[in-house]
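Me: Could you take a close look at the aromatic rings in this structure and walk me through how they pair up?

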Amino acid sequence: MKILIAGAHGQLGLALARRLAGAHQLLAPGRGDFDITNRERCAQAVADARPDLVLNCAAYTAVDRAESERDAAFAVNAAGAGNLASACRDAGATLVHFSTDYVFDGAAGQPYVESDRVAPQSVYGASKLAGERAVIDSGADHLILRLSWVYGNDGGNFYKTMLRLAAERPTLRVVADQWGVPNYTADLADAVAIAINRPRAELAKLAGLYHLSATGTTNWCEFARAIIEGAGMAAHVTVEAISTSEYPTAAKRPAFSALDGSRFAATFGWNPPDWRDSLQRCLAARASAA
């Protein structure tokens, strides 16, 4: 297939490009060449590219800054998603759009399934939910994949922040009362590659909303400890558990946002890994690159 990636230079876009290169013809323009917030330019870019599939990794992800930059967050995550979906519809392309666990309020006692009630608690979450609805309303063939706690060796993320801070400080204080599932970008890219490896007509019949997630549930503090231990830094770095109230942020985070990815796994034949196994592979990739 010919695949166009929006947001190709972010952490997920880079992982997808690496995974799909060779098997498909990839188009990975920079942000300056492919601005999804401009409806006309977005439509023209897709029409000119004539892709079979578009992966929308473009997103405004500064969760706290979004509280004071609502228009900017909605321009990318909501209007931009709608622009891209409409362009895909007109060009006859299938859209794979990525969303977030932050569309939920965090009050669940078990991992969220696709039919659970949405109630975002932040501007970021609200903008991503609006983007989902814009994609659905566009009439484009689409898959919407909700993700959580995305990390990898590219871009900026919690995993890389912990490694950097551990090299600078003897003690890290990390929130222990927010629960979810970390997801390694390479695993997510593998899952997407499996999902799209089928005739487009068949993929169109599977259109809809899915949760894509590894298995197992943890909190940020436990995740941080696993990162530090896995990187061999535990001997000189202590990770202290704190509460959300001790680390106030502009945006409210869901206290529990684990996603149940069983529907995606069953539909597309993907075997989700345990998050701890994924972390070890991510750390091994980091060591190899070094």
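Reply: Happy to! The count comes to 14 aromatic pairs, where rings of Phe, Tyr and Trp (its six-membered ring) pair if their centres lie within 6.5 Å; planes under 30 degrees apart count as stacked, over 60 as edge-to-face and the rest as tilted. Please keep in mind that this is a predicted model: local features need pLDDT of at least 70, side-chain atom pairs count only at pLDDT 80 or more, and totals for chains, interfaces and linings use all residues. Residues are numbered from 1 along each chain as its sequence is written, and side-chain values use heavy atoms, with hydrogens and water left out.

Start with Trp149 and Trp220: their ring centres are 3.6 Å apart and their planes lie at 15°, so this pair is stacked. Trp149 sits in the loop between S5 and strand S6 (150–151), while Trp220 belongs to helix H8 (residues 220–230), 71 residues away. Helices (H or I, at least four residues) and strands (E, at least two) are DSSP runs, numbered from the N terminus. Trp149 is buried at 7% relative accessible area, and Trp220 is buried too, at 13%; buried means under 20% relative accessible area, exposed over 50%, partly exposed in between (1.4 Å probe, protein chains only).

Helix H8 also supplies Phe223, whose partner Trp275 lies in helix H10 (residues 275–289), so this pair ties together parts 52 residues apart in sequence. With centres 5.7 Å apart and planes at 90°, Phe223 and Trp275 are edge-to-face. Phe223 is buried at 1% and Trp275 at 2%.
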